[in-house]
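Here are some notes on the aromatic side chains, for use alongside the structure.

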Amino acid sequence: MYDWLNEALQDSSQVVTANRRLARVLTEHHAEQQVASGLSAWRSPAIVSWQDWLQELLATAELSQTLPTRLNTHQSRVLWERCLRREVSSPLLNIAALVRQARDAWTRLHDFSVPLDQVDRTAQGKDQRIFASAANNYQSILMRENWIDDAGLVGLAEQFVVSGDTTLAGKITFAGFDRVTPAAARLLTAVQDAGTRTVDIEVKTSDHPGRLVAYENSDAEIRAAGAWAREELVNSSGQVIAIVASHLDKDADRCARLVRECLVPGWQTSGGKYKAAVNVSYGKRLSSYPAIATALLALRWLRDDIDSRDVSFLLRSAALGQGQLGGRSRLELELRRQPLMNWSPQMILSVFGGRGEHQDGPDFLSRINILSKRREGLPARESPSAWATLIDETLKQLNWPGEAVLDSVEFQLINRWRELLNDFARLQLVVPSMTLGEALGRLQTLAAETVFQPESDGALVQLLGPLEAAGLQFDRLWVSGMSAANWPPAGRPSPLISRQLQRDYAMPDADPDDTLAYAGRVLRRLADSTRELVCSFPLTEGDAEQSASGLVTSFVSAADETAAEPGWYAKQLVTCASPLPVTTDPVPPVTIEESVSGGAATIQRQMTEPFSAFAYGRLGVRPVPAITNGLPANIRGSLIHDALFRLYRDLPSRSDIADLSSSDIDKRLPGILKRVFARMESSADPVLRQLLNLEKQRVAMLLRQVIALDASRDEFVIQQLEAPIELAIDQVRLRLRIDRIDRLDNGEVVVIDYKTGRRRQVLNSSREPDDMQLVAYACGLDDAVAGLAYVNVDSRQVDLSGAGRFFTPNLDWDSDLPRWKNEIRDAVLDLQKGDVRLNEALPIKTGRFFGLLSRIRELQHER
């Protein structure tokens with residue numbers, strides 16, 4: 001493998017590769033050869049990528065020439081953005097996408113030596129004319145400032161080679177180049193004219209034809225590639241094996257996950273070593289990594305208020321602060337009980353701080369305090385380098401990226417972030433000063449446009465894109481996605497240069513024939529780079545049937561039938577010869593010392609599905625409340641309950657309520673509503689304040705309707721509000737809280753519960769209670785209970801639904817209520833015994849909160 005490398009490096013010769021991946025692989029291979037030959041030290045080989053070679057040429061010329069200042073990629077983007085905004089001022093413009101297209105078109109113009117006047121003259125349509133004007137403006141700025149960008153490096157290097165102002169090796173070997181542009185070809189001609197011998201490497205490893213296999217779908221195809229790689233490594237370890245995915249740029253994570261599924265089964269629970277068994281050539285956007293996303297969000301809070309979802313993200317992130325996350329998790333749950341709103345750091349401190357030694361997440365709140373103080377006195381404008389310093393200092397004060405020991409990938413990620421900050425500081429060349437908002441926006445853009453690909457050791461298989469594999473050699477190679485729909489890939493001519501001009505200069509993809517020919521060359525190069533080739537394609541993509549690409553069928557032999565589905569690792573565990581052990585672990589009974597939570601809701605769950613009662617009442621599992629827009633139903637319900645408590649806190653009788661005049665009510669309600677809404681209004685943002693004003697009007701209307709409802713009832717006196725009671729049945733103790741207890745003239749009581757959501761009825765059509773909450777309350781009272789009632793308090797209707805001696809005269813109350821109480825007692829005793837049965841008839845929506853713990857759906861599928 002790479003038999004040509006030793007000869008190419010003799011006599012101080014140099015190797016120039018098409019990309020840095022190939023340069024790194026060749027350097028590692030050369031080191032292995034030196035170690036194998038018995039050497040312990042050797043001269044570093046002159047192996048560089050094309051871009052690095054250009055830098056070397058300019059670096060040697062710099063000693064005798066005054067070079068233009070080079071713009072890096074980020075500086076060039078900013079300059080292009082400035083030029084394009086002069087031409088287009090629409091606020092709906094996706095400037096980032098337009099800048100990418102403009103830079104690509106600009107590079108093509110330089111690579112194919114197209115004069116700008118031709119671009120201007122042949123422009124068709126508004127977009128092409130805008131680009132032509134912006135390109136002329138961009139060019140004039142470069143010339144005026146004596147700047148040069150990456151697109152101009154080849155031409156500048158050619159000038160220095162022709163003038164003899166740069167140092168060249170006596171022999172240069174070029175490897176991995178599928179396409180050589182006219183500008184690069186002129187540079188190579190100048191190198192040859194300067195007396196340097198150049199060699200182009202063309203590798204042909206095997207004359208054996210490959211084979212073509214088809215799979216039912218793309219998932220099965222990629223998993224099969226992983227299974228194939230595993231089998232090859234088992235048969236002969238130490239082989240260089242790669243899988244090329246034609247669509248890797250679209251879904252690298254999915255492809256890597258499917259390859260690992262069959263290459264290293266169980267990798268999800270086996271640690272980072274198993275995940276690193278597949279080296280993926282295609283990186284991810286820097287901003288998509290959680291640590292970087294956390295940093296960018298925390299920095300945005302330095303200037304803008306952020307909403308509840310963003311604060312929740314920061315609270316759950318381990319990349320900020322230090323200490324255990326338990327307190328921060330409790331703080332985050334408290335945040336979820338608040339309405340969705342925009343929070344400043346100071347608002348967070350005022351709502352959640354100041355609780356002394358009982359404070360949850362004290363370290364996090366101290367970091368928020370740092371942000372709050374940082375926000376004070378920020379300069380209006382500063383240079384990018386000054387902002388970079390402030391950003392770095394702020395992140396250090398927030399203890400970013402956390403206190404955990406960094407692994408190799410995380411260490412590389414943080415170093416790449418610091419390099420990005422340095423690149424941001426260098427923007428000072430093209431943007432002398434900016435506001436904090438502009439600085440954070442620029443930094444966000446840089447992170448979103450920077451692709452980070454960590455280096456890793458110990459990979460068993462390489463997962464590559466077709467272009468990343470240029471120049472590499474393999475023992476075994478699998479090329480996937482070779483359907484007619486995927487290969488050749490769709491051409492991408494520049495939309496900012498006229499198509500005819502692109503054809504005249506033979507630019508890439510200007511003509512379908514060029515796209516086809518290039519795809520054929522890439523495929524032939526892949527076939528020549530390996531001793532054994534397997535090509536594959538899916539028979540279906542979504543709902544569309546697929547066939548093999550004609551470029552593949554011309555030099556590989558096709559299988560006669562569809563290849564077998566390799567299956568999933570989890571399925572193999574279930575169907576393995578040795579069945580998985582089943583451990584019997586019965587739930588222990590409730591003892592007198594155990595605290596069972598959940599109140600009447602736990603009893604109702606026991607009667608509906610015992611397992612959920614065990615999880616809810618004994619384990620204390622609670623669904624995490626979602627952060628929703630507007631005022632959540634639980635907050636609206638709490639406001640109404642609080643208002644009703646304050647309305648009747650002096651425990652009036654029905655007569656007292658009926659005697660209230662409209663003016664009396666009008667006088668009382670403002671004070672009640674002020675006290676109910678005061679805490680929430682004190683920390684509300686402008687949008688939430690408007691919502692609370694509307695809710696205040698709604699609650700006032702509902703209170704008037706409740707007063708009218710109570711005034712229309714038979715005589716009663718409110719005996720208790722928010723009455724705490726304990727229900728004790730054998731070993732089980734449950735704490736309950738009754739919204740309201742009314743005492744009737746005959747001495748009996750009516751148990752009332754307020755319902756602020758959908759309308760509820762105590763009895764169903766069979767004259768039985770669907771929900772046993774009120775019956776559980778009755779079990780906990782010593783008083784004789786004459787009735788149970790829901791007071792439905794909702795904008796659609798305020799009414800009373802009851803069951804009892806006076807509410808439902810045709811009901812045998814004296815026999816039905818004891819029967820229902822016995823059902824409560826039986827349910828509590830079952831709970832005490834450790835009953836964890838599953839109700840398979842329960843709808844998915846009803847049981848979804850505990851379905852993950854009970855594995856009800858998996859158990860059903862196994863039957």
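1. W80 and W106 are both buried. The model is predicted, and it holds 16 aromatic pairs. In the pair formed by W80 and W106, the ring centres lie 5.7 Å apart and the planes meet at 70 degrees; an angle over 60 counts as edge-to-face, so this pair is edge-to-face.

2. Y289 is in the loop between β10 (284-285) and α13 (290-300), whereas F452 is in strand β13 (residues 451-452). The pair therefore ties together parts that are 163 residues apart in sequence.

3. Are Y289 and F452 buried or exposed? The cut-off for buried is under 20% relative accessible area. Y289 has 12% relative accessibility and so counts as buried. F452, at 5% relative accessibility, also counts as buried.

4. Some rings form a group: W50, W53, F174 and F177 are linked by ring pairs into a cluster.

5. Which arginines lie over tyrosine rings? R179 is placed over the face of Y518, 4.1 Å from the ring centre. R622 has its charged end over the ring of Y616, at 3.6 Å from the centre of that ring.

How values were computed:
Residues numbered from 1 in each chain as written. Predicted model: local features only at pLDDT ≥ 70, side-chain atom pairs only at ≥ 80, totals over all residues. Heavy atoms only, no water. Phe/Tyr/Trp six-rings, centres within 6.5 Å; stacked < 30°, edge-to-face > 60°. Buried < 20%, exposed > 50% of the residue type's maximum accessible area, 1.4 Å probe, protein only. Helix = DSSP H or I, 4+ residues; strand = E, 2+ residues; numbered from the N terminus. Lys NZ or Arg CZ within 6 Å of the ring centre and 35° of its normal.
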